[in-house]
Amino acid sequence: MTAAELPGTRADEILPEPGEDPLAAMVAWLAVDPLDPPLGVLATVDPEGTPRCRHLLISGVSAEGPTFHTDSRSQKVEDLAANPRATLVVLSDDRTRQLTMTGPAAPTDPDEQLRTYRDRTPYLKLLAWTNSPATAALPPAGRRRVWAETVTRRGPTPHDPPDTWTGYRLRPDTVTFWRGEADAPSHRRRFHLRSGGWLAEDLPG
């Protein structure tokens, strides 16, 4: 496997090129920091076949795939219950890399969900307790009142999540790496999981 240093990284921050093991490269490219998680776009399909996209935070990543967390009453959870296949796209802060992962998404176990909640910032912990359909229907003053009441009842950084807190892991069967270059054409390398392993193809950027 070769390596390439991206613009804007330190000399010791070498990211692997996607070689024979795309999942190892996926983990390195995402490099999730719980205190500053990357922002991704999750695409699902509603029961009528209409695609729906939204931004969310990537909670973590392993060779099994990336994880994200949400409210069990959310539209994305409804979509995944009807059709678990989804696509997750993450663009690097400097816009030199894009990672696209497609595959089925399934709930993570309760211990993982609890660990992830406790890694969240105080704001996001409170958001999990207050971001309900009933609160969303209130005017701005009402939403601020719900927030203040939650801080009073549960403190500024609740230790445990609400019952509606849930997490998903997307297990990719297609992974596409895109890299932009200042002195060369941009380039994509796409991997498809087949019965014999990963099949790679090189594509124009």
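Two strands are taken as paired if DSSP finds at least two bridges between them. In this predicted model, β3 (residues 39-45) and β4 (residues 51-57) are joined by seven bridges. The two strands run antiparallel. Within this pairing, Ala43 has Cys53 of β4 as its bridge partner. The hairpin of β3 and β4 has five residues between the strands. Gly49 in this hairpin adopts a positive phi near 90°.

β3 also pairs with β7 (residues 85-91). This pairing is antiparallel and comprises four bridges. Here Gly40 stands opposite Val90 of β7.

The side chains of β3 alternate along the strand. Gly40, Leu42 and Thr44 point to one face and are buried.

α6 contains 15 residues and spans 21 Å from its first C-alpha to its last. That span is close to the 21 Å expected at 1.5 Å a residue. Gly142, Val146 and Thr150 are buried in α6. Viewed down the helix axis, the buried residues of α6 fall within an arc of 80°, so they line one face. An α-helix has 3.6 residues a turn, so residues three or four places apart point the same way. Ala141, Arg144 and Thr152 are exposed and sit on the face of α6 turned away from its buried side. Just after α6, Gly155 has a positive phi of about 85°.

How accessible is His159? Its relative accessible area is 53%. The cut-off for an exposed residue is over 50%, and His159 is therefore classed as exposed. Beyond its neighbours within four places in sequence, His159 contacts Tyr117 and Arg118. Arg118 lies 41 residues from His159 along the chain, yet their C-alpha atoms are separated by 6.6 Å. The side chains of His159 and Arg118 also make a polar contact, at 3.1 Å.

Technical notes: Residues are numbered from 1 along each chain as its sequence is written. This is a predicted model: local features need pLDDT of at least 70, side-chain atom pairs count only at pLDDT 80 or more; totals for chains, interfaces and linings use all residues. Side-chain values use heavy atoms; hydrogens and water are left out. Buried means under 20% relative accessible area, exposed over 50%, partly exposed in between (1.4 Å probe, protein chains only). Contact means heavy atoms within 4.5 Å. A polar contact is a pair of N or O atoms within 3.5 Å; within protein, one must be able to donate a hydrogen and the other to accept it, and residues adjacent in sequence count only if both atoms are side-chain atoms. The expected span of a helix is 1.5 Å times one less than its number of residues. The arc is that of the directions from the helix axis to the C-beta atoms.
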